[in-house]
Amino acid sequence: DADNLVYQAMTCLFRQANEAMPPVRLRCRNQIPLKRGLGSSAAAIAGGLVAANALCSRPFSSSELLAMATAIEGHPDNVAAALLGGLQLVVADDDQGDTPVSPPFTKGGYRGVRLFTAAINVPAELHAVLFIPEVRIATADARAVLPSKVSRADAVYNMGRVALLVAGMATNQPEYLAMGTQDRLHQPYRQPLFPAMKHLMTAAREAGALGAFLSGSGSTVLALTCGREVTVAYEMAEAARQAGVAGQVKITRPTLKGAYVVENSHRDMETQS
């Protein structure tokens, strides 16, 4: 119904185009678990916007779609990757915080805020091993435990590691990912929400993962690998079993393709993200 996020994204685009939203029937195959830190809302928004853009008589550019997606999501982080594909570095020139579903947007920005994106190389052999717990962590709860202020030392610690992470990806030096995925700004504070997190990350690294971290705000733990994926998956699952945490393991890999139209027809159209 109208509460569906894919549908809401579609209506947002038609409002911006000053066109009437046509009657639609949506059939969604949702392979991304909800509230697990895997960007399910970003995928829904990207899919809805790309589908609506194919139906609209005045289609929008990718930068305009990103501006709309950012306005709906409230931040550009996940929607940039969902729309554009691959690993995306995205920066807004001003932090406006969370925004309503369909605020005014301008070309290349939202609420007057410009968005800058840069695609970062992803090593061809890179895989992601996911442990997806059955327990959910609401984004609001995960944000509530974060402090309003952090120390300069912790800020510098993370800034250096973000730079190293980007350099490791861009120059195809995955050995940098171990240090590049270290964190002091959010994982220590979210540890009480999911106590097994540190055991899963330790198990992944000891099994040969290049780096391991909390995906988004959790509860999924993500390990980056260039080989030994099955071993890493097994050890993460075993660590979860010993901690009494139910869940599933998935082995996947990054894709350079964002949301796209499979078939463009008003009678039969499918989008993927």
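Colleague: Two strands pair if DSSP finds at least two bridges between them. On that rule, which residue in β7 is the bridge partner of Leu214?
Modeller: Val221 is its partner in β7. Strands here are DSSP runs of E, at least two residues long, and helices are runs of H or I, at least four long, numbered from the N terminus. This is a predicted model, where local features need pLDDT of at least 70 and side-chain atom pairs count only at pLDDT 80 or more, while totals for chains, interfaces and linings use all residues. Numbering starts from 1 along each chain as its sequence is written, and side-chain values use heavy atoms, with hydrogens and water left out.

Colleague: How many bridges do β6 and β7 share, and in which sense?
Modeller: They share 4, in the antiparallel sense. Their hairpin has 6 residues between the strands, and Gly216 takes a positive phi near 60 degrees there.

Colleague: What else joins β7?
Modeller: β5 does, antiparallel, over 5 bridges. Ala128 has Leu224 as its bridge partner in β7.

Colleague: Is β7 mostly covered or uncovered?
Modeller: Mostly covered, with 5 of its 5 residues buried. Buried means under 20% relative accessible area, exposed means over 50%, and partly exposed is in between, using a 1.4 Å probe and protein chains only.

Colleague: Which way do the β7 residues point?
Modeller: Val221, Ala223 and Thr225 point one way, and Leu222 and Leu224 the other. In a regular strand, side chains alternate between the two faces of the sheet.

Colleague: Switching to α9. Which residues are buried there?
Modeller: Met197, Leu200, Met201, Ala203 and Ala204, in a helix that covers residues 197-206. Down the axis, these buried residues fall within an arc of 160 degrees, so they line one face of α9. That arc is taken from the directions from the helix axis to the C-beta atoms.

Colleague: Now the cores. How many residues has the largest nonpolar one?
Modeller: It has 30, and Leu13, Ile45, Leu49, Leu65, Met68 and Leu83 have the most contacts inside it. α1 (5-16), α2, α3 (62-73) and α4 (77-84) each supply at least two residues. α2 gives the largest share, 9 residues. Apart from this core lies another, of 23 residues, including Leu200, Ala209, Val221 and Val245.

Colleague: What counts as a nonpolar core?
Modeller: A set of buried Ala, Val, Leu, Ile, Met, Phe, Trp, Tyr and Cys residues joined through side-chain atoms within 4.5 Å.

Colleague: And Asn53, buried or exposed?
Modeller: Buried, because its relative accessibility is 12%. Asn53 lies in α2, residues 40-55.

Colleague: What is Asn53 in contact with?
Modeller: Leu13, Pro59, Phe60 and Leu65, leaving aside neighbours within four places in sequence. Contact means heavy atoms within 4.5 Å.

Colleague: Where does the charged end of Arg161 sit?
Modeller: Over the ring of Tyr157, 3.6 Å from its centre. Lys257 lies over the face of Tyr260, at 4.4 Å from the ring centre. The test is NZ of Lys or CZ of Arg within 6 Å of the ring centre and within 35 degrees of the ring normal.

Colleague: Overall, how many helices and strands has the protein?
Modeller: 10 helices and 10 strands. Of its 273 residues, 43% count as buried.
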